[in-house]
Amino acid sequence: MLDSMRLFPSDPEARAVAARLYEAVRDLPILSPHGHTDPVWFAKDEAFPNPAALFIQPDHYIFRMLYSQGVSLESLGIPQVDGGQQADPREVWRIFAKHYFLFRGTPTRLWLDYSLSTLFGLKERLGPENADAYYETISKALQAPEFRPRALFEKFRIEVLATTDSPLDTLEHHEAIRESGWKGRVIPTFRPDGVVDAEYLGFLENIEKLGAITGESVGTFKGYLNALRKRREFFKEMGATATDHGHLTAMTADLDPSTSESLYQRILSGRSVPEEQQIFQAQMLTEMAGMSVEDGLTMQLHPGSIRNHNRQVYEKFGRDKGADIPSPTEYVRNLRPLLSRYGNDPRLTFILFTLDESTYSRELAPLAGHYPALKLGPPWWFHDSPEGMMRFRELATETAGFYNTVGFNDDTRAFLSIPSRHDVARRIDCGFLGRLVAEHRLDEDEAFEVVHDLTVNLVKKAYKL
Amino acid sequence: MLDSMRLFPSDPEARAVAARLYEAVRDLPILSPHGHTDPVWFAKDEAFPNPAALFIQPDHYIFRMLYSQGVSLESLGIPQVDGGQQADPREVWRIFAKHYFLFRGTPTRLWLDYSLSTLFGLKERLGPENADAYYETISKALQAPEFRPRALFEKFRIEVLATTDSPLDTLEHHEAIRESGWKGRVIPTFRPDGVVDAEYLGFLENIEKLGAITGESVGTFKGYLNALRKRREFFKEMGATATDHGHLTAMTADLDPSTSESLYQRILSGRSVPEEQQIFQAQMLTEMAGMSVEDGLTMQLHPGSIRNHNRQVYEKFGRDKGADIPSPTEYVRNLRPLLSRYGNDPRLTFILFTLDESTYSRELAPLAGHYPALKLGPPWWFHDSPEGMMRFRELATETAGFYNTVGFNDDTRAFLSIPSRHDVARRIDCGFLGRLVAEHRLDEDEAFEVVHDLTVNLVKKAYKL
Amino acid sequence: MLDSMRLFPSDPEARAVAARLYEAVRDLPILSPHGHTDPVWFAKDEAFPNPAALFIQPDHYIFRMLYSQGVSLESLGIPQVDGGQQADPREVWRIFAKHYFLFRGTPTRLWLDYSLSTLFGLKERLGPENADAYYETISKALQAPEFRPRALFEKFRIEVLATTDSPLDTLEHHEAIRESGWKGRVIPTFRPDGVVDAEYLGFLENIEKLGAITGESVGTFKGYLNALRKRREFFKEMGATATDHGHLTAMTADLDPSTSESLYQRILSGRSVPEEQQIFQAQMLTEMAGMSVEDGLTMQLHPGSIRNHNRQVYEKFGRDKGADIPSPTEYVRNLRPLLSRYGNDPRLTFILFTLDESTYSRELAPLAGHYPALKLGPPWWFHDSPEGMMRFRELATETAGFYNTVGFNDDTRAFLSIPSRHDVARRIDCGFLGRLVAEHRLDEDEAFEVVHDLTVNLVKKAYKL
């Protein structure tokens with residue numbers, strides 16, 4: 001099922017170079033500096049419950065495709081806001097297997113085939129005929145000690161795995177991991193959206209909690225900032241090397257302190273209008289950049305997703321249910337206030353992501369190819385795919401080079417897909433470099449250096465690992 | 001002139017797969033669910049007058065290119081608003097042949113070569129030297145019975161051909177076709193732009209006619225909607241399976257009934273401002289989606305063309321003269337009102353088209369990869385070309401898959417180009433699939449299934465044929 | 001170092017065609033109708049001072065990349081606003097050599113390798129080990145007569161080289177070249193930004209100077225226009241065949257004379273607001289198009305660059321320091337006023353450039369494939385690269401054809417890079433055509449005609465050379 005030449009260019013000359021390059025990075029450890037796995041898995045190290053709970057129910061790439069073709073989320077056992085979730089996992093798996101053909105030509109298919117084959121030895125294509133047999137095999141395997149989260153972590157050769165966490169999180173699972181004596185490095189990432197975005201569910205209570213946890217009086221902007229500083233410090237102590245910011249736009253601001261203070265008071269009043277909330281978020285990006293200059297945490301910005309586009313799905317199933325849709329994203333004017341202040345500061349590493357591929361060559365590569373603080377994150381979400389990764393390299397490299405990029409992020413909550421995602425990224429990078437070499441645009445010895453840098457060195461440098 | 005390997009990737013491995021796939025779909029019947037041929041051709045079955053009238057004067061792809069290079073529309077005999085049209089068709093053909101080199105690298109060239117070669121046995125490249133001989137050959141052939149519209153329809157193996165028609169149309173030609181006993185399936189499509197867009201020439205008279213035809217009192221919004229319902233019903237009886245909507249933007253609205261009513265009154269007053277007209281059109285898309293839920297007609301939206309950009313050409317030659325220019329088109333926010341209401345309804349099939357390729361991966365594939373009602377139409381107009389089709393597959397497939405697309409539309413008023421357009425589409429799909437197989441991203445047996453689905457099954461399903 | 005097959009597709013069939021095509025154009029003379037070399041070089045014909053001053057300090061492609069990776073502009077000896085510039089050129093060269101790996105995958109690397117190899121016989125990859133030796137070799141060569149500007153001009157087989165000049169320029173260097181008896185054709189280009197853009201440094205003084213030079217009373221709009229007419233006439237006498245306009249947007253206007261007059265008065269008052277300044281610039285594009293209709297100068301528009309994005313760099317180092325960043329650019333609505341007036345006039349040649357690649361297929365190709373006056377300039381700035389050029393052909397050709405494009409512009413201030421830039425452009429065009437031939441979309445004899453047209457004929461025609 002998994003051809004050794006898969007994902008390389010089919011042209012023999014480029015393919016041969018790609019295969020040689022891949023040989024050199026295939027078995028390198030995995031660095032996963034940005035993702036959404038659950039730290040409790042590694043804290044408790046319990047067996048994963050069943051194939052549906054492992055592969056389907058947490059993976060919006062999978063159920064959004066099924067839903068788009070008329071499969072109800074109820075029938076897949078997707079948890080509901082009111083707590084309901086009724087579906088026999090074996091039946092869920094059968095539905096999935098029956099619709100496996102829908103994933104033809106998608107990265108999900110590549111990830112799944114890789115996991116089924118390399119982890120469970122299931123080397124035929126999944127379909128209705130073998131659905132039950134596959135379910136049995138996987139279920140049985142999941143009970144074995146070598147399929148516990150920690151064992152898989154080691155088997156996957158993960159050197160570091162970053163989770164994404166609320167600033168209000170106690171990080172108790174991270175602490176439990178540390179105290180367990182297990183050597184796996186699972187580190188948190190500081191993601192303050194819930195205390196920065198006034199539209200976030202429970203925003204005002206979150207601010208209160210922030211004050212309570214830190215002992216800072218969050219009734220003033222200064223106190224609020226200090227509280228954030230303290231939580232960042234705590235995250236750092238717990239191993240964090242980065243922050244992450246998910247905003248609707250890339251808007252930044254650089255207000256004077258008294259304007260910030262009165263804006264904060266409006267936000268706290270609960271009567272702020274959307275424009276004020278947006279400017280507050282914009283100002284907070286600049287504040288966060290300033291704190292990164294102070295404490296050295298690498299800063300990541302993920303803008304451009306319109307969350308919960310499908311109201312009916314949101315009301316019944318809540319957030320992160322495959323109904324977040326990208327929208328056009330502007331970076332050049334929006335980032336200017338932040339960059340004017342901190343863009344030339346060598347202490348800041350600011351990594352940009354996008355869902356709007358038209359910005360790669362128009363905005364992101366020109367910005368990253370100039371500002372010392374800026375780096376380009378890998379293709380994100382819908383673009384974390386063979387064609388998407390190739391477009392990123394083709395569109396960004398000529399202006400930003402390789403050295404203003406930061407390697408790969410798997411960005412996933414699907415733990416078992418991590419090795420396959422890194423494998424796809426390595427293969428595509430080798431394919432791109434193979435073409436450059438075959439077209440005599442780069443020497444092969446340089447391509448070996450570059451692919452090592454993309455796989456390991458640039459990740460470690462950007463995320464200070 | 002027509003190499004059997006044309007349009008396939010030149011890499012031998014991918015090309016070989018593409019050729020095998022193409023063999024399997026080359027001779028399948030043509031389904032043409034969206035186009036602009038004239039039903040009178042099939043009703044009267046008269047000979048086409050001459051090569052210029054057949055190939056050049058109705059085809060804005062051709063005369064726009066000639067015009068851009070300084071050839072006057074008068075010299076090509078393009079009909080003028082004042083009724084003037086003076087050009088010797090033989091002279092028009094000579095001008096065309098002299099400028100045939102302008103079409104190098106364009107799909108028009110591919111379509112023409114295919115038609116000249118397969119239909120008229122003209123296998124040398126058209127140019128000034130053979131212009132007259134070609135004119136003679138074609139003219140002569142057009143007088144033969146096997147070049148009458150119905151004979152060509154059968155020769156082309158067209159299983160169904162949809163026209164595009166005003167709701168005020170009597171569909172007399174469609175009726176004549178039915179009553180003639182000829183078995184060719186030529187069906188209308190309900191295109192209500194002229195009674196929905198207040199800027200449309202003769203809009204208010206159109207509304208009146210709508211009332212007169214249906215016996216509904218179109219003085220109220222409710223009556224107007226009922227009149228539209230009746231016309232849709234009539235179209236359905238005459239074989240229609242779809243509606244089509246050409247709007248400047250993809251804006252939709254979901255107003256309450258009383259707001260809609262007063263908005264309609266403003267529109268009827270003839271004193272509405274552009275913003276009101278736009279909201280009215282936006283509301284009408286949602287109303288039409290609601291009617292599609294009721295009556296099952298598949299709904300198509302073609303937004304983003306700025307019509308009649310060239311004022312001088314419009315004033316002298318009228319609409320559809322190659323001066324419609326695309327503009328940036330936003331879907332995610334614009335469609336939300338309609339999708340919130342009907343996007344999860346399995347009874348609706350809503351097919352989106354675009355002239356803004358930046359939306360494929362950013363907006364359209366994510367939307368269609370989630371909402372059950374949404375499907376992606378094939379590359380449209382300027383993008384109905386080898387590179388355009390390939391980009392569509394590369395940009396949309398990884399997120400929307402193949403099964404949220406609907407096969408090919410030829411969308412043409414150039415009847416003779418229909419087989420060549422479908423041939424290009426099939427070849428490009430085979431080339432794309434050939435590459436996926438050669439890169440081991442898809443198994444070859446699956447590619448055979450997919451290419452059948454793209455050529456036949458997805459079209460039939462989406463358009464309920 | 002320079003493989004003869006470089007930049008061609010690696011597929012053997014397409015590569016073989018590309019190589020044959022390239023053979024036919026490789027040694028054709030260079031036409032450089034748009035660029036930024038300094039005419040004083042050819043007037044005085046003095047030796048270039050040293051490798052750093054030749055290769056690094058004038059080339060923002062190079063120092064922006066170094067700066068993005070933490071190399072200070074001071075250390076590179078970039079001239080400062082206060083006149084400071086302290087850096088040992090040999091040390092600058094060492095820094096450059098040490099960071100040469102940063103340019104992997106960029107066009108700068110291709111240009112440099114070509115120049116070092118073909119001009120100086122330096123055939124190993126530049127790096128820290130050979131930095132000093134390379135510096136010596138180049139320094140020594142620069143003292144030789146065959147490395148003087150005029151000798152290089154001839155060695156490069158430049159048939160015509162256009163500079164870019166302020167309307168206030170005396171063109172004394174151009175005159176000196178003429179009077180010197182040297183046969184090299186170095187012509188000016190009329191670039192009026194400094195007397196059209198009210199935000200331009202010294203704008204009001206520039207207007208005054210314009211009046212003083214021409215003897216026109218620039219206190220009225222009519223006098224101002226007449227002054228511009230006179231300067232255009234002077235440029236024409238000095239050999240100019242084109243104008244160039246660098247605007248933030250592509251906005252055009254077509255105001256009546258009295259509105260233009262009062263707008264001009266506001267501008268002259270020094271109290272105009274940004275909106276007024278923008279409309280003034282918009283109106284001036286239409287005025288310039290009108291003058292081009294009169295005097296036959298080809299008109300070029302380069303919109304979409306946000307200049308001096310990095311405030312700190314601008315304050316210390318001034319303009320053109322690699323901190324200009326593209327932004328989304330709209331053409332269809334913005335150009336309508338100008339095109340409504342002059343777009344159908346065969347006397348106008350109006351060449352559009354873009355930094356927003358999403359407009360190639362959406363806006364620019366449809367516009368140029370219709371309006372007789374419009375042509376598409378080659379990929380500009382960040383997109384003047386192998387991938388960028390290929391995307392341009394892939395995205396624009398199917399709608400605009402080859403014959404609405406105008407060949408290549410090197411657009412450079414790096415004189416020594418001119419042959420390498422034209423070589424890259426020729427190779428990419430050959431590669432694109434090679435693929436079309438290999439895919440049987442174009443006959444090989446036609447491809448030979450096209451590549452000649454792209455290299456020579458279309459340039460001469462568009463720029464009236």
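Guide: A nonpolar core is a set of buried Ala, Val, Leu, Ile, Met, Phe, Trp, Tyr and Cys residues joined through C-beta atoms within 7 Å. The model discussed here is predicted.

Visitor: Which residues touch the most other members of the largest nonpolar core?

Guide: The largest nonpolar core holds 415 residues. The residues that touch the most other members of this core are Leu433(A), Leu433(B) and Leu433(C).

Visitor: Which residues does Leu433(A) touch, not counting residues up to four places away in sequence?

Guide: Contact requires C-beta atoms within 7 Å. With residues up to four places away in sequence left out, Leu433(A) touches Leu21(A), Leu442(A), Ala447(A), Val450(A) and Val451(A).

Visitor: Which element gives the largest share of the side of chain A that touches chain B?

Guide: The contact draws 42 residues from chain A and 40 residues from chain B. On the side of chain A, at least two residues each come from helix H4 (60-68), helix H6 (107-120), helix H14 (311-317), strand E7 (325-326) and helix H17 (386-400). The largest share, four residues, is that of H4(A).

Visitor: How many charged residues are on the side of chain B that touches chain C?

Guide: Chain B supplies 42 residues to this contact and chain C supplies 40 residues. By class, the side of chain B has 17 nonpolar and 15 polar residues, and its charged residues number ten.

How values were computed. Residues numbered from 1 in each chain as written. Chains lettered and ligands numbered in written order. Predicted model: local features only at pLDDT ≥ 70, side-chain atom pairs only at ≥ 80, totals over all residues. Contact = placed C-beta atoms within 7 Å. Buried ≥ 20, exposed ≤ 12 C-beta atoms within 10 Å, placed from the backbone. Nonpolar A, V, L, I, M, F, W, Y, C, P; charged D, E, K, R; others polar.
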